[in-house]
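Me: Could you walk me through how to read strands and their surroundings in a model?

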Amino acid sequence: MDVDTRAISVVLPGAVGGLLSADGRWVVALLGPAEMSGTTAVFPLAEPRRAALVAHDSAAPSFSLRWGATAVGAAYLSRLVIAAPTAAIPLTVRYRLTASGLRPSGDTIPTRRLRWWSTDSSIATVTDSGEVTPRRLGTVTIHVTAGGWRGDSVRVTIGAAQATTVLSESWRGHVENAWRLFGRPRPTLESGPGGIPSFLNSGDGRYNSSGYSAREFSASSGLGLEADVSTPLTSAHWQVLYVQLDADLDSVTLAHWDHSTGYLPHSGLSASGTTVCIAFVPAGEGWDASRLLGLQAGLREVSVALPRASLEGRWYRVQVQLFPDGRCGVAVDGRPVWVSGTALPLDRPFRVVLQGNSAGTRMLFGPVEVWEGVRGDVDWRVVGGRTGR
């Protein structure tokens, strides 16, 4: 029987008492009286027509053929295990559960169609991809099955969003204690629109310049960054601003850099682009990209429309959020515009990076706030941008 379609097909007519080999590739079966009583068939499961018949001597004591040990591990799916959240899922965030398929040996095996369901959809619902959408506070059991005995369940608590502010910057006075500045020309403190103190990324088109946080932050329960930005684009080139959470920087790599020449150095992990979550203005070079906000998680990039304020140089607010399941989200002026399908590993510390180029204009960072956890000011469940990437 096909566990997906429920269709039944006969492998070998007249066979009874079939026994599958440990690697799932061979069958030994006794042929019943309708065929050839006292005969055993041995055949590869994929090609039953190649069955070899072993006739029994009716005068001899009864015997049966059974499979011994095999050097090849069984390839079938033996069980499923859900990776449980380590803490309550914030009410304003969707959370993607994952289920690992295991062979009898304990090795992982790819899973095909899985069926998920919630025991109380008033608390949380779950899609066939394992994405949990909270509805209200409470605790619910989420189940998954691949058919038959192969299933698992997990108790999930939906709680209020919680966050702890770990950095607040208003760009007044000395900033060297909280930030490590880089680039040539060096970034400077300026007065932005409305007289608001600002941080100017001073890149001249050759390399980026600006700063990264002196501290590292944990993303195990989520990590967020919010910055007011002013991006008056006057050219199709060399004017760009990045709001970035980055785990590819480390103290050893940075200690050997002069903080003046070249680009901000990354560790070897940056080659795969697996540990960066970025919003950048514009989405690329050229006038077509100047009206778009670029979004990146790992190697995946998309773009969405920029608010009108960006074209006029007025302040607007960009929020970059890493969620507890490793996905990345971006909101503009409090409105969610994107949640990535790509999940980043959260077992490394992250730094905040503010950088870019301002050739012929002033690409400014206004007040900045960083928090560990997830704040409750954005309802990420109603994201208006594209998801699943």
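Me: Which residue stands opposite Thr-165 in E29?

Reply: A word on the model before we look. It is predicted, so local features need pLDDT of at least 70 and side-chain atom pairs count only at pLDDT 80 or more, while totals for chains, interfaces and linings use all residues. Residues are numbered from 1 along each chain as its sequence is written, and side-chain values use heavy atoms, with hydrogens and water left out. Strands (E, at least two residues) are DSSP runs numbered from the N terminus, and two of them pair if DSSP finds at least two bridges between them. Here, Trp-371 in E29 stands opposite Thr-165. Strand E15 (residues 163-169) runs antiparallel to E29, joined by six bridges.

Me: Which residue in E29 is the bridge partner of Leu-200?

Reply: That is Leu-364. Strand E18 (residues 197-200) is antiparallel to E29, with two bridges. Strand E20 (residues 223-230) also pairs with E29 in the antiparallel sense, over seven bridges, and there Ala-227 faces Val-368.

Me: How many residues of E29 are buried?

Reply: Buried means under 20% relative accessible area, exposed over 50%, partly exposed in between (1.4 Å probe, protein chains only). In E29 (residues 364-373), seven of the 10 residues are buried.

Me: Why does Asn-357 count as buried?

Reply: Because its relative accessibility is 6%. Asn-357 sits in strand E28 (residues 351-358). Contact means heavy atoms within 4.5 Å; beyond its neighbours within four places in sequence, Asn-357 has contacts including Asp-204, Trp-238 and Met-363. A polar atom of the Asn-357 side chain lies 3.4 Å from the backbone nitrogen of Asp-204.

Conventions: Helix = DSSP H or I, 4+ residues; strand = E, 2+ residues; numbered from the N terminus. Polar contact = N/O pair within 3.5 Å; in protein donor to acceptor, adjacent residues only side chain to side chain.
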